[in-house]
Amino acid sequence: MFDTSKRKPDYPLLTAVGILVPLGLVMVYSASFVDAFNQHGNQLYYTLRQLSGVVLGTIGLLVAQRIDYRFWRTYSVQLIGAALLLLLVVLVLPTDLTEVNNARSWIRLGFFSMQPSEVAKLAMIVYFADWLSRRGERLDNVSYGLIPFAMMLGIVCGLVMLEGDLGTTIVMIVIGGLVYFTAGANLLHILAAAAVSGGAFWAMIKIAPFRQGRIAAWLDPFSDYLGAGWQPVHGLYALGSGGIFGVGLGQGRQKFIWLSQAHTDAIFAVIGEEFGLIGTLFVVGCFLVIAYRGLRIAGRAPEPFAALLATGLTGWLVFQALINMAVVTTLLPFTGLTLPFISYGSSSLIMCMVATGILLSISRHTVERPREAPEQALRASRRPPIALRERLAGWWRPARGSAGGRRGAREVPGIPRRSARRPR
């Protein structure tokens with residue numbers, strides 16, 4: 001279970017996350033102390049809850065990076081089954097236990113609360129990495145690859161969509177498509193699936209009036225300033241008033257009731273107001289480091305499962321951050337997605353740090369690829385893991401009557417040749 005490799009994890013990736021998490025804790029306090037005092041009588045209310053998430057997330061990261069990444073493959077089916085069960089529980093429980101800020105996507109039992117969709121993201125990535133890595137070249141077959149994949153992705157995303165969380169649904173569809181594409185799927189199949197998903201997305205917007213209002217506010221936020229345009233407008237005010245260097249930590253004004261949910265979905269706007277353009281570019285730079293190091297780990301992964309797992313985890317962290325930043329800057333319509341590692345929310349923070357721990361675990365097994373022979377590197381990336389080669393070497397034996405006996409036996413790459421002399 002635990003990794004016995006002596007190699008060091010990817011320190012640049014760990015450094016980027018190690019910067020974002022404390023920055024997020026500071027910004028959660030700066031963005032939430034007004035709301036926390038008005039609603040709970042304690043300006044540290046959200047900060048203390050976020051601090052508990054940091055502690056649990058740090059433990060999860062350290063444990064995940066010490067566990068051999070192949071451990072997750074062993075329990076991929078159990079993980080996705082538990083995630084589906086949690087998503088169903090959200091739909092069954094009364095709304096007073098599942099609804100927060102008009103979103104029915106939580107399980108709240110006293111002091112304990114969690115968001116099952118965050119667990120579902122990790123479980124889905126592990127399951128698809130395992131499932132797709134076993135398909136190999138047969139992935140081009142529609143009935144063997146595309147249809148089962150689309151059905152499983154549709155079940156997970158459908159349950160999340162029934163909770164009314166369109167933003168998380170979009171992230172999960174993109175992550176699933178990214179892993180499917182990386183696995184070597186037929187490009188025509190991906191384009192067809194994208195067309196169907198686009199049609200379903202448009203239909204979901206049409207049947208929900210509040211989503212149509214968000215689209216209209218995205219096109220012209222000032223046309224409905226007191227309605228759907230309130231959040232985008234004040235997000236732009238915060239970014240614009242920050243200038244180049246910002247107004248200073250804790251000195252932002254939009255968080256004083258004007259910018260709703262400043263410590264969750266709109267925390268990037270608070271960073272822009274208090275730290276200016278320099279601060280926002282610094283956060284973007286940290287996520288670019290995560291993207292580069294994550295894809296580098298995927299490119300040097302020792303086997304297809306590890307490569308798909310690293311790709312999915314990196315895509316999750318980076319794409320969700322990209323959507324959050326694009327929403328705050330009105331490049332995309334408003335949707336309730338947190339900024340990984342920074343926004344308030346223990347469920348999101350803990351699962352993102354566990355995902356980072358898995359990436360660090362994979363990085364301890366990366367191999368160098370020869371630049372002068374890419375075709376040999378590709379064949380090496382498709383080589384079965386050591387454990388599988390050992391099992392194959394255990395049952396394969398040369399014929400007893402062959403010349404030379406064991407000396408003529410074929411060598412298996414990665415496994416030392418056994419001595420012809422048997423121990424007495």
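This is a predicted model: local features need pLDDT of at least 70, side-chain atom pairs count only at pLDDT 80 or more; totals for chains, interfaces and linings use all residues.
Residues are numbered from 1 along each chain as its sequence is written, and side-chain values use heavy atoms, with hydrogens and water left out.

Back to Asp130. Its place is in helix α6, residues 116-133; helices here are DSSP runs of H or I with at least four residues, strands are runs of E with at least two, and both are numbered from the N terminus. Which side chains does Asp130 meet? With Arg134 there is a salt bridge of 2.7 Å, N to O. A salt bridge here is a side-chain nitrogen of Lys or Arg within 4 Å of a carboxyl oxygen of Asp or Glu. Arg134 is partly exposed, at 49% relative accessibility. The side chain of Asp130 also has a polar contact of 2.7 Å with that of Ser76. A polar contact is a pair of N or O atoms within 3.5 Å; within protein, one must be able to donate a hydrogen and the other to accept it, and residues adjacent in sequence count only if both atoms are side-chain atoms.

Arg73, Asp130, Arg134 and Glu303 are linked in a network of salt bridges.

How many salt bridges does the structure hold? The count is seven. Another of them joins Arg70 and Asp68, at 3.1 Å from N to O. Arg70 is partly exposed at 34%, whereas Asp68 is buried at 14%.

Then there is Glu274 with Lys255, where the closest N and O atoms are 2.6 Å apart. Glu274 lies in helix α12 and Lys255 in the loop between α11 and α12, so this pair ties together parts that are 19 residues apart in sequence. Are these two residues buried or exposed? Both Glu274 and Lys255 are buried.

That loop, between α11 (230-242) and α12 (267-299), also holds Gln261. Gln261 has a positive phi, near 55°, in a residue other than glycine. Its relative accessible area is 29%, so Gln261 is partly exposed. Phe341 is a further case: its phi is near 75°, again positive in a residue that is not glycine. Phe341 sits in the loop between α13 (304-328) and α14 (346-363). With a relative accessible area of 2%, Phe341 is buried.

Now the N-terminal part. At the start of α1, a side-chain oxygen of Asp10 reaches to within 3.0 Å of the backbone nitrogen of Leu13. Helix α1 covers residues 11-40 and has a kink of about 55° centred on Ser32. The bend at a residue is the angle between axes fitted to the seven residues ending there and the seven starting there. Just after α1, Gly41 takes a positive phi of about 75°.

What makes up the nonpolar patch on the surface? Its members are Met1, Phe2, Tyr29, Leu44, Leu48, Leu51, Val55, Leu56, Ile59 and Val63, with about 910 Å² of accessible area together. Accessible areas come from the Shrake-Rupley method with a 1.4 Å probe, and for residues only the protein chains shown count as cover. Patches are made of residues with over 30% relative accessible area and no salt bridge; like charges are joined within 9 Å, and nonpolar side chains (Val, Leu, Ile, Met, Phe, Trp, Tyr) within 5 Å. Helix α2, residues 45-66, gives the most to the patch, with six residues. In general, an α-helix has 3.6 residues a turn, so residues three or four places apart point the same way. Leu48 lies in α2, and at 47% relative accessibility Leu48 counts as partly exposed.

Last, the cysteines. A disulfide is a pair of cysteine sulfur atoms within 2.5 Å, and by this rule the count is zero. Cys157 is buried, with a relative accessible area of 6%, and Cys286 is buried as well, at 7%.

Notes: Buried means under 20% relative accessible area, exposed over 50%, partly exposed in between (1.4 Å probe, protein chains only).
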